[in-house]
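Subject: Structure for your review, with notes

Dear colleague,

I am handing over the structure we spoke of, and I would be glad if you read the notes below with the model open beside them.

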Amino acid sequence: MVNMNTVKAIFKREFKSYFDSPVAYVFLVAFLVLIGFLTFGVAMYYERRQANLTPFFFWHPWVYLLLVPAATMGLWAEERRNGTIELLLTLPITLAEALVGKFLAAWAFIGIALSLTFPIVLTTLWLGTPDLGAIFCGYVGSLFLSGACVAIGVFASALSRSQVIGFVIALAICFFLLIIGFDPVINAVAQWGVPMSIVNAVAQCSLMQHFESLRRGVIDCYDVIYYAGVMVFMLAAAHVVTENRKAS
């Protein structure tokens, strides 16, 4: 049974550690600059003359693909490299509590970065009368997408004591789960003779497909359950990996 007081203590420790170094501020600035450049510079937001955040949300999966693994790669790898993981696991806490606390801290940190994009919403409100429901759904979808990527990052970080290896593994898994829902990928796999039922089933595991539904303004329980399932599965996998390493 997970003790929420213990999870809260781990959460505070990990969340504070982000801001104990300049890394957090560099990350937040990089996130906002990248999102702003892609929205206004690449997607030509003003030139579109449409009061909606479609070009803004379009880039979120790709920004998370690059930056979330960077924000999570040290969650377990750094503990192993410094030798503090043994100390952490000898405290009166369970491995599951440590995992959940670390995951929630990283997710909250990404959530802060996402919330700092509110000036783009204000700009859209100033330009016209956007669909606030669609904007809300887009932010909810983006938050769930980031949570799934964070859980993947936690799992990848648990696999190695090297932060670089953790980053690369998280990047590879997130990239795979993003592209498997793209039509060109689906068509290419279907041409190899794979039955369409299997192809469509695999495509339903795409992070992108479920995000697309949410950013269009539709909150479907199926999409929410999918993201929750990814988080639980990846944290469970991280638990198994860490438990096996502790026993060996």
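This is a predicted model: local features need pLDDT of at least 70, side-chain atom pairs count only at pLDDT 80 or more; totals for chains, interfaces and linings use all residues.

Helix H1

Helix H1 covers residues 4-19, and its 16 residues, at 1.5 Å a residue, should span 22 Å, which agrees with the 23 Å found between its end C-alpha atoms. Its buried residues are Thr-6, Val-7, Ile-10, Glu-14 and Tyr-18. When one looks down the axis of H1, these buried residues fall within an arc of 115°, so they line one face of the helix. An α-helix has 3.6 residues a turn, so residues three or four places apart point the same way. On the face of H1 that is turned away from the buried side sit the exposed residues Asn-5, Lys-12 and Lys-16.

Salt bridges

The count of salt bridges comes to 4, and two of those described here involve residues of H1, namely Glu-14 and Lys-16. Glu-14 is paired with Arg-13, with 2.4 Å between the closest N and O atoms; Glu-14 is buried, at a relative accessible area of 7%, whereas Arg-13, at 40% relative accessibility, counts as partly exposed. Lys-16 and Asp-20 meet through their side chains in a salt bridge of 3.3 Å, N to O, and both of these residues are exposed.

Elsewhere, Arg-215 forms a salt bridge with Glu-212, and the closest N and O atoms of this pair are 2.9 Å apart. Both residues lie in helix H14 (residues 207-215), where, being 3 residues apart, they are separated by about one helical turn, and both are buried. Salt bridges that share partners also join Arg-13, Glu-14 and Lys-102 into one network.

The nonpolar core

Which residues have the most contacts inside the largest nonpolar core? They are Val-154, Leu-207 and Tyr-227, in a core that has 64 residues. Helix H10 (residues 132-159) supplies the largest share of this core, with 11 residues.

With best regards

Key:
Residues are numbered from 1 along each chain as its sequence is written. Side-chain values use heavy atoms; hydrogens and water are left out. Helices (H or I, at least four residues) and strands (E, at least two) are DSSP runs, numbered from the N terminus. The expected span of a helix is 1.5 Å times one less than its number of residues. Buried means under 20% relative accessible area, exposed over 50%, partly exposed in between (1.4 Å probe, protein chains only). The arc is that of the directions from the helix axis to the C-beta atoms. A nonpolar core is a set of buried Ala, Val, Leu, Ile, Met, Phe, Trp, Tyr and Cys residues joined through side-chain atoms within 4.5 Å.
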